[in-house]
Amino acid sequence: MKLNIEVRENILSFDIYVEPAERGQSVGSQALAALCAYADTAKLAIHIFAEPDDPEDLEALIGWYEKYGFTKVGPGTEYRQRMERTRQ
């Protein structure tokens with residue numbers, strides 16, 4: 001798994017990439033849950049782009065983020081969707 005995190009002006013942003021061999025093992029879910037918990041404690045909003053390897057997986061990826069409280073921001077493209085999770 002690759003994870004890059006940045007915090008600026010009360011907004012946390014990150015890139016997360018789970019290697020194909022690690023998928024389905026909750027690696028990404030555990031990392032995202034930890035990031036959300038940290039953001040909640042620090043009272044940070046989270047901004048991300050949902051951008052799968054395969055554009056056909058975009059809706060599934062959006063649904064995964066929505067389970068963690070993310071919502072779509074504006075119109076997306078067939079390749080990616082901007083999303084945010086407000087301060088909890």
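These legends describe close-up views of a predicted model.

Local features need pLDDT of at least 70, side-chain atom pairs count only at pLDDT 80 or more, and totals for chains, interfaces and linings use all residues. Residues are numbered from 1 along each chain, and side-chain values use heavy atoms, without hydrogens or water.

**View 1. K2 and E19 form a salt bridge.** The N to O distance is 3.8 Å. A salt bridge is a side-chain nitrogen of Lys or Arg within 4 Å of a carboxyl oxygen of Asp or Glu. K2 sits in strand β1 and E19 in the loop between β2 and α1, so the pair ties together parts 17 residues apart in sequence. Helices (H or I, at least four residues) and strands (E, at least two) are DSSP runs, numbered from the N terminus. K2 is exposed at 51% relative accessible area, while E19 is partly exposed at 29%. Buried means under 20%, exposed over 50%, partly exposed in between (1.4 Å probe, protein chains only).

**View 2. R23 and D53 form a salt bridge.** Their N to O distance is 2.9 Å. R23 lies in the loop between β2 and α1, D53 in the loop between β3 and α2, 30 residues apart. R23 is partly exposed, at 42%; D53 is exposed, at 53%.

**View 3. R80 and E51 form a salt bridge.** Here N to O is 3.9 Å. R80 belongs to the loop between β4 and β5, E51 to the loop between β3 and α2. R80 is partly exposed at 34%, as is E51 at 48%.
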